[in-house]
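Hello,

Here is the structure I promised to pass on. Please have a look at it, and then read on for what I found.

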Amino acid sequence: MKKVSVPATNDLCPQTLFVYGSMNENGMPDFGLFCWFSYCWFDQLGVMCAIGAPKRTLDNIRRNRVFSANLVVEDNLPLADYFGTADGRDEDKMNVAVEWERGAVLPVPILCSSPLSFELEVDREISTGERDETVLLCRIRNTLKDERLTNASMSSEAILQATAAVRTCVNCDYWSWDGRHLGRWHERAKEIKPAVETGAAAQGH
Ligand SMILES: Cc1cc2nc3c(=O)[nH]c(=O)nc-3n(C[C@H](O)[C@H](O)[C@H](O)COP(=O)(O)O)c2cc1C
């Protein structure tokens, strides 16, 4: 194999997608779409989230110190793409049909259509840039999972097939876990709101 140097990129690194749910000051939820998400270890499993620019999600998380991360799957991809397209600072963003409920442990909004949701509490924040770029290290206070996916007799393949998690990589595309193309960023959002415009906070991601 001959390797060549290229500009910094993660385009060959598939990333799992999560919808973060946070509470606005008026007690109503805001949802945004995120892929710079991975895991870390405290005294148990924790998560780390990179947030790339000022946005309502970050304002809410800093104020409340708690939020949810909800796995994106094929069935809720249009809604998730909408949450990653419309800007939460636009009062109209959440005027769409969204089924949500409160967390079992924390006062965070949970996306009902997601089969796996983490209820998260920020342990510490590490600033990485001058424009509010930051990394949040979070403790998992509770994990909510679709009961059907807790069946110990299911094979790993059957669990992955039933979960149908969505990934992203290369050129702003969405992919199924088994490699089917599911659309481009900001395209599936039009199934939720045909006239949706890409918000400033979503550009560059
Ligand atoms: C596929 C995709 C992945 C994204 N991942 C991130 C991410 O990891 N970090 C981030 O700061 N923004 C990310 N964004 C942008 C946010 O979703 C966007 O800023 C959105 O407006 C956030 O919601 P809010 O404005 O309600 O806070 C992503 C957008 C898309 C379409």
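Predicted model: local features only at pLDDT ≥ 70, side-chain atom pairs only at ≥ 80, totals over all residues.

β4 and β5 make a hairpin, with 3 residues between the two strands. If you want a place to start looking, Tyr-39 stands opposite Val-47 in β5.

β5 also pairs with β10: these two strands run antiparallel as well, with 6 bridges joining them. Here Cys-49 has Leu-136 in β10 as its bridge partner.

Elsewhere, an open sheet is formed by 4 strands in the order β1-β11-β12-β13, with antiparallel pairing. Its edge strands are β1 (15–16) and β13 (181–184), each of which pairs on one side only. Within this sheet, β12 (residues 173–176) is joined to β13 by 3 bridges, and the two run antiparallel. Tyr-174 finds its bridge partner in β13 at Gly-183.

Now to the ligand. Which residues come nearest to it? Of the 22 residues around the ligand, they are Gly-32, Trp-36, Thr-57, Gly-84 and Gly-88. Sorted by class, the shell holds 10 nonpolar, 8 polar and 4 charged residues. β3 (29–34), β5 (45–51) and α1 (56–64) each supply at least two residues of this shell, and the largest share, 4 residues, comes from β3.

α1 deserves a look of its own. Its buried residues are Arg-56, Thr-57, Leu-58, Asn-60 and Ile-61; Thr-57 is also one of the residues that come nearest to the ligand. The buried residues of α1 pack against β2 (18–23), β3, β5, β6 (66–71), β9 (116–127) and β10 (134–145). Two of the strands in that list, β5 and β10, are the antiparallel partners joined by 6 bridges. Just after α1, Arg-65 takes a positive phi of about 65°.

Next, the interior. In soluble globular proteins, nonpolar side chains tend to be buried together. The largest nonpolar core in this model has 35 residues, and Phe-18, Val-19, Val-72, Ala-80 and Phe-83 have the most contacts inside it. Helix α2 (residues 77–83) gives the most to this core, with 5 residues. Which residues does Val-19 touch, leaving aside its neighbours within four places in sequence? Val-19 is in contact with Phe-31, Leu-33, Asn-70, Val-72, Ala-80, Phe-83, Leu-111 and Ser-114. Among these contacts, Val-72, Ala-80 and Phe-83 also belong to the residues with the most contacts inside the core.

Finally, the chain as a whole. There are 3 helices and 13 strands in it. Buried residues make up 30% of the 205 residues. Of the contacts between residues at least 6 apart in sequence, 66% join residues at least 24 apart. The C-alpha trace spans about 55 × 45 × 40 Å along its principal axes. A compact globule of 205 residues would have a radius of gyration near 17 Å, and the chain agrees with this because its own value is 17 Å.

Terms used. Residues numbered from 1 in each chain as written. Pairing = 2+ DSSP bridges. Near = placed C-beta within 6 Å. Nonpolar A, V, L, I, M, F, W, Y, C, P; charged D, E, K, R; others polar. Buried ≥ 20, exposed ≤ 12 C-beta atoms within 10 Å, placed from the backbone. Contact = placed C-beta atoms within 7 Å. Core = buried A, V, L, I, M, F, W, Y, C linked by C-beta atoms within 7 Å. Rg over C-alpha atoms; globule rule 2.2 N^0.38 Å.
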